[in-house]
Amino acid sequence: MYTPRKPTSFLSTMSVYHSILALSRGFDKKLVKNVDSGWKFRYDVENVEKGRLDMTFGERLRARREEMGMSREALAAMLGITSSAISNYENDTSFPKREIMLRLFDCLDTDPNTLFQDSFVGGNRALRRGERKLLEEYRELSNLGRETVLSMIEALRACQEEAEAGVNQPEPRVIPLYLTTAAAGYASPAFGEDFDYIPVEDDVPAAAEYAVRIQGDSMVPYIEDGSIVYVSRDPLKAGDVGIFCVDGDILCKQYYKDPMGIVYLFSLNRARADADVVLSSAGGRSLVCFGRVIMRAPPLPGM
């Protein structure tokens with residue numbers, strides 16, 4: 001059952017319908033009488049200087065009805081009309097009569113500015129019901145209260161702009177570059193927590209998880225003294241170059257494990273074969289692998 005309510009504050013009940021007809025100022029508006037005695041709006045949008053009709057009255061009507069979770073049948077029952085009439089309104093086949101229009105605003109808890117916002121120049125600047133309520137509450141505040149609200153709005157807008165800028169410009173990926181050098185053939189302090197972050201640019205392999213600066217000549221010419229290698233934590237296989245900790249010393253070597261379980265850590269510079277490391281399972285020495293150096297390694301020595 002429809003229950004009338006107090007008219008909106010900016011339009012009196014008797015002038016609502018006439019105000020609706022005036023909403024299209026700036027358009028070449030034509031009213032075309034339909035066979036069902038309804039009215040249909042047609043607009044010549046070529047006369048519009050800016051913008052376009054994004055949504056028709058019928059599309060706004062359907063959107064508001066669906067937003068409220070209301071079926072055509074339920075709305076029709078509240079208005080005392082058929083569901084097919086609602087369908088005609090939403091498809092812009094016909095236009096509600098004056099008394100139906102006024103009741104429609106009540107049933108959908110909306111106003112002309114909302115349903116007709118795309119039908120007149122500047123309609124997107126018209127205040128909705130909730131916006132008018134906020135404006136009224138703002139005007140009731142003291143000067144200090146208004147200043148507080150404006151400060152909060154400025155802070156929220158700054159946060160929003162920062163978030164939107166972050167979405168449009170994602171932060172570049174970075175990986176740690178350990179400042180402790182990995183010795184290429186001789187003792188060096190073990191990995192610690194001392195590192196810097198470096199950006200992952202075009203010359204950095206996508207699989208790199210961290211980087212290490214190499215010291216020494218036992219891996220030249222494949223890895224020069226002082227150069228940076230990029231490391232992933234993928235499992236090593238025979239022939240891969242890795243970063244190892246042997247008895248507390250950090251080494252960069254080529255890995256091989258024979259069928260007897262003996263581990264060989266080879267220098268790529270065979271002139272520095274003296275820097276090779278051999279570890280047997282019964283030797284009691286400690287061995288930890290920190291990752292695989294991302295590079296195309298040469299064949300294993302003698303293979």
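**A close look at the helical packing**

Tutor: Phenylalanine 290 is partly exposed, with a relative accessible area of 29%. Here buried means under 20% relative accessible area, exposed means over 50%, and partly exposed is in between (1.4 Å probe, protein chains only). Phenylalanine 290 sits in strand 11, residues 287–293.

Some ground rules. This is a predicted model, in which local features need pLDDT of at least 70 and side-chain atom pairs count only at pLDDT 80 or more, while totals for chains, interfaces and linings use all residues. Residues are numbered from 1 along each chain as its sequence is written, and side-chain values use heavy atoms, with hydrogens and water left out.

Now the wider view. The protein chain has eight helices and 11 strands. These are DSSP runs numbered from the N terminus: helices are H or I with at least four residues, strands are E with at least two. Of the 303 residues in the chain, 37% are buried. Contact means heavy atoms within 4.5 Å. Take contacts between residues at least 6 apart in sequence: 56% of them join residues at least 24 apart.

Go to the core. The largest nonpolar core has 18 residues. Such a core is a set of buried Ala, Val, Leu, Ile, Met, Phe, Trp, Tyr and Cys residues joined through side-chain atoms within 4.5 Å. Phe57, Leu75, Leu79, Met101, Leu104 and Phe116 have the most contacts inside it. Two or more residues come from each of helix 2 (57–67), helix 3 (72–79), helix 4 (83–90) and helix 5 (98–107). Helix 5 gives the largest share, five residues. A separate core has 15 residues, including Ile223, Cys245, Cys252 and Val293.

Stay with helix 5. Seven of its 10 residues are buried, so the helix is mostly covered. The buried ones are Ile100, Met101, Leu102, Leu104, Phe105, Asp106 and Cys107. Cysteine 107 has a relative accessible area of 7%. Cysteine 252, in the other core, has 0% and is also buried. The structure holds zero disulfides, a disulfide being a pair of cysteine sulfur atoms within 2.5 Å. Just after helix 5, aspartate 109 takes a positive phi of about 50 degrees.

Next, the partners. Two packed helices are described by the angle between their axes and the distance between the axes. Axes are lines fitted to C-alpha atoms, for helices over the stretch in contact, and angles run from 0 to 180 degrees between N-to-C directions. The axes of helix 3 and helix 5 come within 10 Å and cross at roughly 125 degrees. Helix 3 and helix 5 are therefore oblique to each other. The cut-offs: under 35 degrees is roughly parallel, over 145 roughly antiparallel, 65 to 115 roughly perpendicular, and the rest oblique. The contact uses Leu75, Met78 and Leu79 of helix 3 with Ile100, Arg103, Leu104 and Cys107 of helix 5. Leucine 79 also reaches another helix. Setting aside neighbours within four places in sequence, leucine 79 touches Ile86, Ile100, Arg103, Leu104 and Cys107.

Helix 4 comes next. The axes of helix 3 and helix 4 come within 8 Å and cross at roughly 105 degrees. That makes the two helices roughly perpendicular. From helix 3, Arg72, Glu73, Leu75, Ala76 and Leu79 meet Ser83, Ile86, Ser87 and Glu90 of helix 4. Ala85, Ile86, Ser87, Tyr89 and Glu90 are buried in helix 4. Their cover includes helix 2, helix 3 and helix 5.

Aspartate 92 is partly exposed, at 26% relative accessible area.

Two loops elsewhere are worth a glance. Aspartate 247, between strand 7 (241–246) and strand 8 (249–257), has a positive phi of about 55 degrees and is not a glycine either. A cis peptide bond joins valine 220 and proline 221, with omega about 5 degrees. Proline 221 is in the loop between strand 5 (210–215) and strand 6 (228–232).
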